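User: I would like a close look at one part of this structure. Please go through its salt bridges step by step.

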Amino acid sequence: MRATLLMMALCSAGMAMQALGAESDGVAFDAAPGVPVRARMLDGGRVEVRIGKDAALQLLDGVADEEGRSRLDHEDVDFDGVQDLVVRASVGQVNEAVAVYRYDARTARLQPLAPPTGTPANCDGLWSLSVDAPTRTLVSTCRGGPMWYTDFYRYQGEKLYLYRAEQLLMLDPQALAAVLALDEGGDDAGPLAVWTTFDAAGRALERAIGDGLSPPVSGVPLRGRNARVVPTRLALYSAVGDASTPRYLVAGDRVELLDERDGWLQVRYRNPTRGPVTGWIQLALPEQG
């Protein structure tokens, strides 16, 4: 009997806590040791935050859907071992706007996490944000028209920087097929895109042409799409715009696609005796006179 009453009491307490959480529409967590944070939604997507044991008030802009609604959560977004406030809202049919706020011990307030500006990122801000803890990477995904785009971010110290992004390629299929036969990419293969890995200063470390709808694995070197040379002889130039070259690929040679520039493709050919050879090919072959 006592066990039954105890179980009923626990169930009632659990239901009461769920009802309270649903009514307040908020979250509670520790933003730092000894620093409790309680946040709840206000109208129009604004967030009321109470910080510390004295419950200091802070109002945040947050994000909201067309009806002014959003969702509150908390997660360790900056990999410092404590939780951060995460606000999410559905925008349109498929995109999810995300705002992240981290605790700043110097001001005892929550500060917004803003992605760097002036980068080749495709998504303006943080969208459908996911946290890849093993590689300490943030993944932002957005949709523009029929295409999905993915940006990867990492930290150098407290600075967030663009670690990896893609550039969609608009290649002439007939011109591409005239020089290269791409390996099969599967039934779900998307359009080709140049994926680039950057360092914290924005310098490109590597590039590879891959599937624009299948983001590469974070923390793993880029691998380009493979292809087979179609023409009997295909000039391999040292730089874009070169008029002559002593190097040629022949029909059947296999290459890895690395980059694209002004109608030229950079490829890597693994010579069985000399090792990897990198050069540029013209996508549109010059007319034979």
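Analyst: R207 has a relative accessible area of 36%, so it counts as partly exposed, since it falls between the limits of 20% and 50%. The model is predicted. R207 pairs with D259 in a salt bridge, where the closest N and O atoms are 3.9 Å apart. This pair ties together parts that are 52 residues apart in sequence, because R207 sits in strand β15 (residues 204-211) and D259 in strand β19 (residues 254-261). D259 is buried, at a relative accessible area of 6%.

D259 has a salt bridge with R261 as well, and there the closest N and O atoms are 3.6 Å apart. R261 is partly exposed, with a relative accessible area of 41%.

Another salt bridge is formed by the side chains of R102 and D78, at 3.6 Å from N to O. This pair links distant parts of the chain, 24 residues apart: R102 belongs to strand β7 (residues 95-104), and D78 to the loop between β5 (71-75) and β6 (84-91). R102 has 19% relative accessibility and therefore counts as buried, as the limit is under 20%. D78 is also buried, at 13% relative accessibility.

For the structure as a whole, a search finds 14 salt bridges. As a general point, side chains of opposite charge can pair when their charged atoms come close.

Technical notes. Residues numbered from 1 in each chain as written. Predicted model: local features only at pLDDT ≥ 70, side-chain atom pairs only at ≥ 80, totals over all residues. Heavy atoms only, no water. Salt bridge = Lys/Arg side-chain N within 4 Å of Asp/Glu carboxyl O. Helix = DSSP H or I, 4+ residues; strand = E, 2+ residues; numbered from the N terminus. Buried < 20%, exposed > 50% of the residue type's maximum accessible area, 1.4 Å probe, protein only.
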